[in-house]
Amino acid sequence: MQLGASCALLGLLFLTAFDSSECLQTVVRPDNGSMVTISALLLDQCAVCTVSGVNDTLTSCHPSLHLVPEEEVKLLFNCSQPIEQAFTVTIARTIECTKDACSPTTVETRPSILTEFSRTFTWELKAPENTLVGLDILGDGLIETSQPCPDGSQYSLTTSKTSTKDQTQYCQGGSETRLEAPNGAVVSLQVKPNFESVLFQTSAGPLKGPPMVVTVDSSTTVVVSRDPEEPECEVCSVDGSARDCSPTEKTLTNVENLSLEFSCLKPQDVYSVTMKKKIECTQSSCTPAAGKIDPDYFKDFKRSVTWDISVPQRTVLTLDFPGGLKEMSGAEKCQDGHQYSVSTTKSEGNIKTTSYCKGGTVSHHLDLPGATTVTAEVPKGSEVDSFTVKAARRGGRMMSVMPDPDTIITIRRQTSEPDCSVCMNKEPDQICKPTYLTLNSNTSVEFTCPQPQDVFTVEINREIDCTEVSCSGNIVQAESLLFPDFNRTFTWDLKVVSTRAFQLDFPEPGMRQIPDEETCPDEHTYSIIAYLRTGPAIIGTFCKGGTVTTILARYRGRIALQVPGDRKLDPVDFKLKVGPETSMIAILKVNLPRGASDTDFITANYPGDFPDSQQMQWDFTVPDMHNYTVHFRDHTAPECLSNEVQVEYQKGNKKVTKLTLTDSQPQHGQGNFNMVLRNCETNKTLQGLTLNYRVSVMRSGHPVLCTVDLNEHKGLSLQIERVGSEPFCEMSVNSKIEKKISVAAGTQASLSFLDCPNEDVRLTASKVIECQNRTSCSATQLTVPKLVSCLPMPLHSFTWHLRIPQDGTVDLVSPTGSLKQSLPGQECNQSLSLHVTESDGFPVGDFCFNGMIQKVQVHANVSVTATVPDFSKIRKPFLNVGVSQEITETIINRVSPVASSPNLLATPNWPLGMRPSSTVSWIVTVPSQYEAHVHFVNVSQPKCKDRHTSITVKMLGDEEEMMSRREDKQSEDKLTVTRSFYLNMSNCIPEERGFSALTNIVLQKKSYLLPILLGIAGVLLLLLTVLAVVCFIIKKKKRDKMAKEASIYIGKGNIFRPSDTHFSKTRSDNDSHVYDSIDEARVYGHLLADSSYADSMPDHFDSGPVDTYNTFTGPTDPGLPVIKEPDYEPELDGFKMFLDPSESFLPPRPRTPIDRQDSLGFQDRRMLDNALYTFKSTGDMNTIRLSGVDMEPQSPTILEDSL
């Protein structure tokens, strides 16, 4: 290279193209056979120019420049970027080889050519076919890599000039010193500037890959085949001096130490290997006993290994894969490339193939019934996993069969598998049949294959004969244990009198007719066949759940139920009975459903021909308020030889309408109807009669429309939901169908109800009543606002949601004066129910009117739900609501018990538990004349996690508690309280169970027995004290009287002596001087003319003196009385010798009290002026003293006669 002195001057020529540029001028002469190409990397900023002419005045610039070998040229490099990074230099050479030599023999990278730049040296190898070119590197060896080399010297070898797919890269510093490549390969070396030269030694020889020595036994066949898409490469087998080559494949079997040679460097990329091995088995063992190959056998090739396993008849194979298998679908591929295929070939030629991958969850063991092929696809460089093979006699299956009476079982083969038979009885009397076997008694059955359900089907048949009125035998078995894993067909052959029909009644929801090619969802398919003189006619195929409720078929028929294997028998419990006489081959009774529906029907034998000269009938029941339309979807008309095809419609007893197949069928009809299809006598060489038609049902009713505007009622909302069983009730709000409608407060909605009975729709309403602070909360009444009249259903319940501030309490008071809580024993009637809950739905209780609760106070937001039979009849409010100051308890009830009955109190949410950490109180008012007997009837205590439950009783005004009870302590459950009291119950935080209590309060009148007894005792004590004082005074007076006594003689009378104690009382001390009554005959007897009147008086008037005054009649005895003087007995001073008037024989006369004015000296102005009521003398009145009391004592007067 030479630098020109005029580089700077020449660079001025490019000043217009490059504002600031670098330049380099050099002279280059490429070698012979070298193609040098210089390219600018930045086309818009750099250029390489040739300089020529006198004084280098001519320049020619290019972005890329090709130099001519052995021609010297002066080059000028100009670029705005650094020169060494702006250009690339490629130096290409060709190495020409014969079959045994190459030219040049030594290859050198010349360092003298453009060393300032990065260079790429390439050598294209040209050699005859099947010639391999070798490049021996003189110096440091190479190492294969896929990363850039750290020193910037990158070697690469590409076997094809046009493709880089098989490119291999190398770096210096390895042990590989020879590169081999076939014809057309390219060797390249990419170096950085100022790289030192590298030497190669070239050579040529025959093209062949690494030789292989293989041994193949007689049970193995190896096929080495070339992929047609890969380059040509021969495979040769060398046996001594004999050489056998093939360009496509080589088959090897029963060879030993055979040498294989390939005419390509990497035959594993061109060829694949297929190996087939044979395993022969007896009924007890296999040879070899494992499927395996040498792990190094064609290891670098893609291999497909197949084991053909042959077995005798009635032999089962067991394959054991130690690593397990995972079954795959046909389209899936195994991720690791290891894929197994297991194919079992049946005797009729059918092959069942299953694909697996390694390492799955499938059992290691595969049990196979016959000859099997196992194929393993193995990728390059992988080992083939081995498996073991075992053989055993295929014993099959044996089972006991016990058919029901009148039942015939037929086991029939459905495939042509030759090595499976069905046998009856046991050895040596065993009878085997290859195709079918019929059983009608108890026996044992053996199958000679392990899975007979894949080979045979079972038919279980029963015959039922019917009389003119009834059929014998059960038509359906609830469960059958016969052949549960086989495909089964249950058949019932029915026969009735020739003129009658057998009738099948199906339970709800009926049966649905399907075409023959369809299957039922539950895989229970029913077929009904009628036997005609012309042959069997299939009435139809049916599934559970449809509109057909009854089928009648004439004379003889069959019912067939098909159930697949491993499906539990679940038949329809239809009833069989004798039907009426009919000329129809079949009659189907259909209940069309409510709502919009489409139901399809087909004729007998469809899609085959309907029987000639026969007729079939459908009886349709159409729901109320529905229209029906009949549409013929598909039909074929026969060529009639006699009569014609007709379709007849009839409603009840109305006239029959006759139509043809092409006429317009009924549309938008109402009511039940019958349809009859009549066929003619047809030309059997042509298409017969077929019909597939549809009956569409739609509603004919009109919806009930209602517009609800809730703007008039603040806080009011409505809820409407379906609660009945009517499935076709359709509710919509604002034209949108909903199952539940909610009309929010303050909104307007358009409602629609179609076919919705009132009892199937429930209307509830709710209203929110709230206030922000207690001062603004005014008392209110819970009343039901009047709803719009267009709503078709009555109001079921109304709920008020009461929202109060946190420092307030809701007061609930009955407008009738009191509330009653509904509890067992004091239930509310059905006329009214008030369900009270807290805002979260926690129950407070159910109430009604007229009880003992005066007020309910709840320290929370409350919801009250009222339920009555008819809200339209309620005019008064349900509750009076107020807001009072905050209370410490959760709930307070003010109670006034009723004396005439028990009074039950229950905790909230009874009988379930109270809310944790809540408190309820009752303030019980007891009347003053009563006392309360408190009985805790039912108390359920929890297991507390924190704190304790508490039941407290305390009289109002007292600080001391009468009773305090916790859940962990026992106490009395009865208590007597004498005045108003306070009952409190508090809950803990329970861990288990809940806290609830039911309390009974009974009022009883207070008992005054003790005060009465004490009062009587006091009175008696007082009387005794008074009596003692009186006795003392009387005794003292008697002593004074004895000192003053005088004797008085009264003529014609008795003698009374002093100290005569017969009258123990003085005249002032007794009532003897007081008239009880004065007998008029005694007083005025001398005026009566008849003296016998006195004689007629009772004798008791002649008795002795008594305590009361009696009329004195004078002495009765003229003689003097004999006076007997008893001893003085002062202690008998209180003894009475005279009878008390109450003790006399006759009751006393009315007593006339005589006061001083009533004495004998007083004239009563009430007396009449006549002789009977007037004293004899009209002179001055004389006072007659009958007592000597208060008189001064006188000296006794002694008469002369007494002397």
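How many residues of the lining of the second largest cavity are nonpolar, how many polar and how many charged? The lining of the second largest cavity divides into eight nonpolar, three polar and no charged residues. (Ala, Val, Leu, Ile, Met, Phe, Trp, Tyr, Cys and Pro count as nonpolar, Asp, Glu, Lys and Arg as charged, and the others, Gly among them, as polar.) The model is predicted, so local features need pLDDT of at least 70 and side-chain atom pairs count only at pLDDT 80 or more, while totals for chains, interfaces and linings use all residues. Residues are numbered from 1 along each chain as its sequence is written, and side-chain values use heavy atoms, with hydrogens and water left out.

**The chain as a whole**

- The protein chain has four helices and 84 strands; these are DSSP runs numbered from the N terminus, with helices being H or I of at least four residues and strands E of at least two.
- Of its 1203 residues, 40% count as buried (buried means under 20% relative accessible area, exposed over 50%, partly exposed in between, with a 1.4 Å probe and protein chains only).
- Among the contacts with a separation of 6 or more, 80% are between residues 24 or more positions apart; a contact means heavy atoms within 4.5 Å.
- The accessible surface of the protein chain is about 67,600 Å², and carbon and sulfur atoms hold 50% of that surface (areas come from the Shrake-Rupley method with a 1.4 Å probe, and for residues only the protein chains shown count as cover).

- Rolling a probe the size of a water molecule over the atoms shows where empty space is left.
- On a 1 Å grid over the protein atoms alone, a cavity is a set of points where a 1.4 Å probe fits but cannot get out, and a pocket is an open set with protein on both sides within 12 Å along at least five of seven lines; lining residues have an atom within 4 Å of a point.
- Grid points are joined across faces, edges and corners, and a volume is the space filled by probe spheres set on the points.
- The structure holds four cavities of 30 Å³ or more, and the second largest cavity has about 70 Å³ of space.
- Two or more residues of the lining of the second largest cavity come from each of β70 (843–849), β74 (891–895) and β75 (903–906).
- Among the residues of that lining are F847, I891, L905 and W922.
- L905 and N903 are buried on one side of β75, and L904 and A906 are buried on the other.
- β75 runs antiparallel to strand β84 (residues 996–1005), joined by four bridges (two strands pair if DSSP finds at least two bridges between them).

- β15 gives the largest share of the lining, three residues.

**A four-stranded sheet**

- An open, antiparallel sheet has the strand order β24-β32-β26-β30.
- β24 (290–291) and β30 (365–368) are at the edges with a single partner strand each, so one side of each has no neighbour in the sheet.
- Four bridges pair β26 (residues 315–320) with β30, and L319 has L366 as its bridge partner in β30.

**Residue V862**

- V862 is in strand β72 (residues 862–867) and is buried, with a relative accessible area of 0%.
- Its C-alpha is 5.1 Å from that of L802, which is 60 residues away in sequence.
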